[in-house]
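Open the model in your viewer and keep the sequence panel beside it. This tour goes stop by stop, telling you what to select and what to look for.

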Amino acid sequence: MEINNSTSPAKTNVISHLIGFPKKLKDKAIEIVKKTKKIGKDDPRKIWHAFKVGLALTLISLFYYYRPLYDGFGQSAIWAVLTVVVVFEFTAGATLYKCLNRGFATLTAGALGVGAKYFADLFGKEGEPIVLGFLVFTLGALGTFTRFFLHMKRRYDYGILIFVLTFSMVTVSGYRVDKILELAHQRLSTILIGTATCMIISLVVCPVWAGEDLHKLISSNLEKLATFLEGFGSEYFSFSEIDESGKASKEDKGFLGAYKAVLNSKANEESLANFAWWEPGHGSFRLRHPWKQYLKIGVLSRECACHLQALSGYFNSKPQAPTDFHKRIEEACTKMSIESSKVLKELASSIKTMTQPSSSASETHLRHSKAAIDDFKSILATTEALLLSSKLDLLEIFPAITVASILIDVINCVDKISEAVEDLSVQAHFKKEKNKNKESSSSPEKPPPQHHLLHRGIVKPVVDVDDVEGGDSVMIEICGGGAAVAVVEEQIVRV
């Protein structure tokens, strides 16, 4: 009876799991479908990428399915399939980077491997393995050490890796194979066919450009910085939204985390810039587009985001009630933050639309922010006297002074970003925005509105002697054809 009592709960658990398994399987399938729909909705290009890889694999598989092709390449046709799986990437630039590196590295290493085999044959059967081993060691060590150079690692790291691998395989396998030249020819041909197939499909079928992604990323980062500054300027010195519990309302505080994505974007920016370098000219992006300038803007954006991270810490610990000093610097600090956000929005819009930034608008906002800095410095100068007379507590005003000094650093970063975007617009040949140019050219020449008379006439001053002597007014009668048109009364201004 004890055994039955001990095993019955286990049996019950097994039965319950078996009964609930179909439901769990159904829930898991529904969850996978929802995630798939979300991925496809967020970025439909990923679905196209999967389709392109399947298409490339299907075309390359014909080397096995179609007998004449198989007879021409034999078992080496599998290298074309492996090449497609390895080199086909999401963006066209990444695919070209791997395809070109793999193609040139395979050609070079294959030629050197065949040459090394024939060179080692000159030393006889005893000296051949020694020479081959020395050549493998030398080129393998040199190729591996070359990968430590920053420029080589960024642009040709994959190619050097394939070079070392291919040379070693051809050289070592050629020691036991008599028809080394035929074997190398088959492998090289299939690899080149695989890379060519990947490049054509990647560039023709719904291409995904790394340069375009980098362009959008830089513009989006500037918008995120502007969002933080706009929210900070309107919230930090606002004490009217404090609720009864003494805590600020948490509504519309999403801007506080906007800068975090900018801080973590370095690796993505550098990767996209590297892949964009390999891409051909497309759309508004020319063949030698200044991708390095995007990296410079990215560095300045992260520098600005570091200051915003410090501001975020002060926002979370802002005082419950404003001091007199807070009230005095509220307008200047708010102006610094808001005007900086306007500059960043203008620059982000300029990059997004690939139009030259409006120098007048950016300079105006920067001038306003720098004027706010001068206002803050003048307030701070008057505050020093109060500190010396011990009428103010330094600990009370220190956080506000720190926030203002960080905002000054932010304005300096925004000024640098403005210069970098201006350089980008010149190097990338951004187009001029016609609407703004027309408005700016026509606005200064626009005459002030004037009221025109409907009738021609003669202006006759009607002077009243008593009024003139009194110094109150003068009457001017405008007549046309003997009929009075208007009478205007003007005050006499005494100097």
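## Stop 1: the loop after a bent helix

Start by selecting Met354, which is buried because its relative accessible area is 11%, under the 20% cut-off. Bear in mind that this is a predicted model. Met354 sits in the loop between α13 and α14. Check its backbone: phi is positive, about 55°, although Met354 is not a glycine. This residue comes just after α13.

Stay in that loop and select Ser358. Is Ser358 buried or exposed? Ser358 counts as buried, because its relative accessibility is 16%, and buried means under 20%. Ser358 and Glu422 are 64 residues apart along the chain, yet their C-alpha atoms are separated by 9.6 Å.

## Stop 2: along helix α13

Step back and select residues 324-353, which form helix α13. How far apart are the end C-alpha atoms of α13? They are 44 Å apart, which agrees with the 44 Å that 30 residues should span at 1.5 Å a residue. At Glu330, α13 bends by about 45°.

Move on to Glu339, also in helix α13. Its relative accessibility is 8%, so Glu339 counts as buried. Show what surrounds this side chain. Leaving out residues up to four places away in sequence, Glu339 touches His365, His368 and Ser369.

## Stop 3

Select His429. This residue lies in the loop between α15 (394-427) and α16 (434-442). Look at the backbone again. The phi of His429 is near 60°, a positive value in a residue other than glycine.

## Stop 4: where two helices cross

Colour residues 150-173, helix α7, and residues 266-278, helix α11. Turn the view until both are clear. The two pack at an angle of about 65°, with their axes 11 Å apart. Which hand does the crossing have? It is right-handed as α7 passes α11.

Now show the side chains at this contact. From α7, pick Arg154, Arg155 and Tyr156. From α11, pick Asn274, Trp277 and Trp278. How do the residues of this contact divide by type? There are 3 nonpolar, 1 polar and 2 charged.

## Stop 5: helix α2

Go to residues 45-65, helix α2, and select Trp48 there. Trp48 is partly exposed, since its relative accessible area is 40%. Which residues does Trp48 touch, not counting those up to four places away in sequence? They are Val205 and Cys206. Trp48 and Phe90 lie 42 residues apart along the chain, with 9.5 Å between their C-alpha atoms.

## Stop 6: helix α6

Select residues 124-146, helix α6, and find Val131 within it. Val131 is buried because its relative accessible area is 13%, and the cut-off for buried is under 20%. Display its contacts. Setting aside neighbours within four places in sequence, Val131 is in contact with Phe119, Ala120 and Phe123. Then check Asp121. Val131 and Asp121 are 10 residues apart in sequence, and their C-alpha atoms are 9.1 Å apart in space.

## Last stop: the whole chain

Clear the selection and show the whole protein chain. How many helices and strands does its secondary structure come to? The count is 17 helices and 3 strands. The chain has 495 residues, and 37% of them count as buried. Finally, think about contacts between residues at least 6 apart in sequence. Of these, 77% join residues at least 24 apart.

Key. Residues are numbered from 1 along each chain as its sequence is written. This is a predicted model: local features need pLDDT of at least 70, side-chain atom pairs count only at pLDDT 80 or more; totals for chains, interfaces and linings use all residues. Side-chain values use heavy atoms; hydrogens and water are left out. Axes are lines fitted to C-alpha atoms, for helices over the stretch in contact, and angles run from 0 to 180 degrees between N-to-C directions. Helices (H or I, at least four residues) and strands (E, at least two) are DSSP runs, numbered from the N terminus. A crossing is left-handed if the near helix is turned anticlockwise from the far one by less than a right angle, and right-handed if clockwise. Contact means heavy atoms within 4.5 Å. Ala, Val, Leu, Ile, Met, Phe, Trp, Tyr, Cys and Pro count as nonpolar, Asp, Glu, Lys and Arg as charged, and the others, Gly among them, as polar. The expected span of a helix is 1.5 Å times one less than its number of residues. The bend at a residue is the angle between axes fitted to the seven residues ending there and the seven starting there. Buried means under 20% relative accessible area, exposed over 50%, partly exposed in between (1.4 Å probe, protein chains only).
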